[in-house]
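Visitor: Before we begin, could you take me through the terms used for this model, setting each value against its cut-off?

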Amino acid sequence: MPGETDLTTLLQSMHPSLREGDYVYALWPHGKPLEGEIEAAVREAEGLTVVLHRWEADRLGLAYDFVASWITLQIHSALEAVGLTAAVSAALTHAGISCNVLAGFHHDHLLVPSADADRALEVLRLLSRGIVLRNERPEDRPAILALTSRAFSISPVTGAPVDGTPVEVGLLQELFDCAEYLPGFSIVAEMGGDIVGHVISTRGWVDGLELLALGPIGVEPTLQRRGIGSALMRETHARAVTAGEPGIALLGSTAYYPKFGYIPATSAGVAPPEEVWGDHFQLLTLPGWPDGVLGTFRYAPPFERL
C-alpha cells in the first residue's frame, strides 16, 4: 500500500502515540559487533550512532546525555511526502520543545526530551486539528483586539450584550504596552493562518513575591467549547512551570477554572484586590510556591484603572 503524501490528510490522521520507556542516543564503540536491542542506527564518518532503550545502554555501558521519549506518528507517510516534518517541527518549536526525527518506511518517529513528552503529545494532537499555539507577535495585535471584541461581546458577568467596545479590549491594549508585559506569556492559537484564541499573563505581586496574573483570555465565539481555551490554559501552565513562576492568579468562573487546579486564593493566604470578588479570585500554586505567603494581590496598573 503506497504511503500518504497529502499534507492535510497526514496532519489530520497522524495519531501520535507514545512508546513505553526512555530512549537515548549513544556512540557505538568502533570495531565492536552490534549486539543487544538496537532500535535505530546511523553511520557517519565519525562513527556509528545508535538509538536504544536507556536500560539497554546502561547494560551495555554506553555513555549518553540526551534522554528522550519516543513518539510514533501512526500514519503511513510516503518517504517523498512534503511538509509533514516541517509542520511538526514548527509546532513543537513554538512550544519550546526540541525534536529529533527518525523516518521509517511506514511511519515518522519523534524523539523529544522525556520531561516534555506529555506536552509534545498535546501539541501534536492540537496540530492534527489544525491548531498551532505560538507567541504573540506585534503584527498580530489588530487581529487579537478584534478577536477579543468578539469574544467579550456578551458580558461574562451578566450574560447580556455589551454596549460599545468591551472593556477587555482597552485593557489588552494597555497590557501590551505596560512594563509588566511578558512576551513569553502572550500566546495565540492559530488555525489556518487565522488567530482564533489568545491568552495573556502579566506580572503581578503579593507583597514582594512575583507571580503571574492571567487574563484576559478569549476564543473566537464560533469555535468556543472545542478545547482551544483549555489548550491555552494548559500552555500557560506549562510555560509558567518551565520559567520557575511560583503561581498564577486570575479572576473568573468558579465552575470553569478549578478543573485546571485553581483554588480560591484566600485559601492560600492571598487576598483579592477587591473583597467582593470572593472565591472568583483564584490561584494556581506551582512547584516554586513558598510557604507562609500572606498578603493582597496586586495587578499591573492597567487593571487598576478599570
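Guide: Let us start with Gln282, which, leaving aside residues up to four places away in sequence, touches Ile248, Ala249, Leu250, Gly252, Ser253, Thr254, Tyr257, Pro258, Tyr262, Ile263, Pro264 and Ala265. Please keep in mind throughout that this is a predicted model.

Visitor: Why is Gln282 called buried?

Guide: Gln282 has a relative accessibility of 1%, and because buried means under 20%, the residue counts as buried. Its place is in strand S15.

Visitor: What makes the approach of the Gln282 side chain to the backbone oxygen of Gly252 a polar contact?

Guide: A polar atom of the Gln282 side chain lies 2.9 Å from the backbone oxygen of Gly252, and the cut-off for such a contact is within 3.5 Å, so the distance meets it. The side chain of Gln282 also reaches the backbone oxygen of His280, at 3.4 Å, which is again within 3.5 Å.

Visitor: Why is the pair formed by Phe281 and Phe297 called tilted?

Guide: The ring centres are 5.4 Å apart, with the planes at 50°; because planes under 30 degrees apart count as stacked and those over 60 as edge-to-face, with the rest tilted, this pair is tilted. The pair links distant parts of the chain, with Phe281 in strand S15 and Phe297 in strand S16 (residues 295-298), 16 residues apart.

Visitor: How do you know whether Phe281 and Phe297 are buried or exposed?

Guide: Phe281 has a relative accessibility of 1% and Phe297 a relative accessible area of 2%, and since buried means under 20%, both count as buried. Ring pairs also link Phe281 and Phe297 with Trp277, Tyr299 and Phe303 into a cluster.

Visitor: What makes the pair of Phe176 and Tyr181 edge-to-face?

Guide: The planes of Phe176 and Tyr181 stand at 80°, with 6.2 Å from centre to centre; because an angle over 60 degrees counts as edge-to-face and the centres need to lie within 6.5 Å, the pair qualifies on both counts. Phe176 and Tyr181 are both buried, and the structure holds 12 aromatic pairs.

Visitor: Which residues touch the most other members of the largest nonpolar core?

Guide: Within this core of 28 residues, they are Leu175, Phe176, Leu211, Val270, Phe281, Leu283 and Phe297. Among the elements that give two or more residues to the core are helix H5 (141-151) and strand S15 (281-285), while H6 gives the most, with 5 residues.

Visitor: Why is Pro273 called partly exposed?

Guide: Its relative accessible area is 32%, and because partly exposed falls between buried, under 20%, and exposed, over 50%, Pro273 is partly exposed. Pro273 is found in the loop between strand S14 (270-271) and S15, and, not counting residues up to four places away in sequence, touches Phe281, Thr296, Phe297 and Tyr299.

Visitor: How do you know that the charged end of Arg19 sits over the ring of Trp70?

Guide: The charged end of Arg19 is 3.9 Å from the ring centre of Trp70, against a cut-off of within 6 Å. Arg298 likewise lies over the face of Trp205, at 4.3 Å from the ring centre.

Visitor: What span is expected for helix H7?

Guide: Helix H7 (residues 228-243) has 16 residues, and at 1.5 Å a residue the expected span is 22 Å, close to the 22 Å that H7 reaches from its first C-alpha to its last. Just after H7, Gly244 takes a positive phi of about 80°.

Technical notes
Residues numbered from 1 in each chain as written. Predicted model: local features only at pLDDT ≥ 70, side-chain atom pairs only at ≥ 80, totals over all residues. Heavy atoms only, no water. Core = buried A, V, L, I, M, F, W, Y, C linked by side-chain atoms within 4.5 Å. Buried < 20%, exposed > 50% of the residue type's maximum accessible area, 1.4 Å probe, protein only. Helix = DSSP H or I, 4+ residues; strand = E, 2+ residues; numbered from the N terminus. Phe/Tyr/Trp six-rings, centres within 6.5 Å; stacked < 30°, edge-to-face > 60°. Lys NZ or Arg CZ within 6 Å of the ring centre and 35° of its normal. Expected span 1.5 Å × (residues − 1). Polar contact = N/O pair within 3.5 Å; in protein donor to acceptor, adjacent residues only side chain to side chain. Contact = heavy atoms within 4.5 Å.
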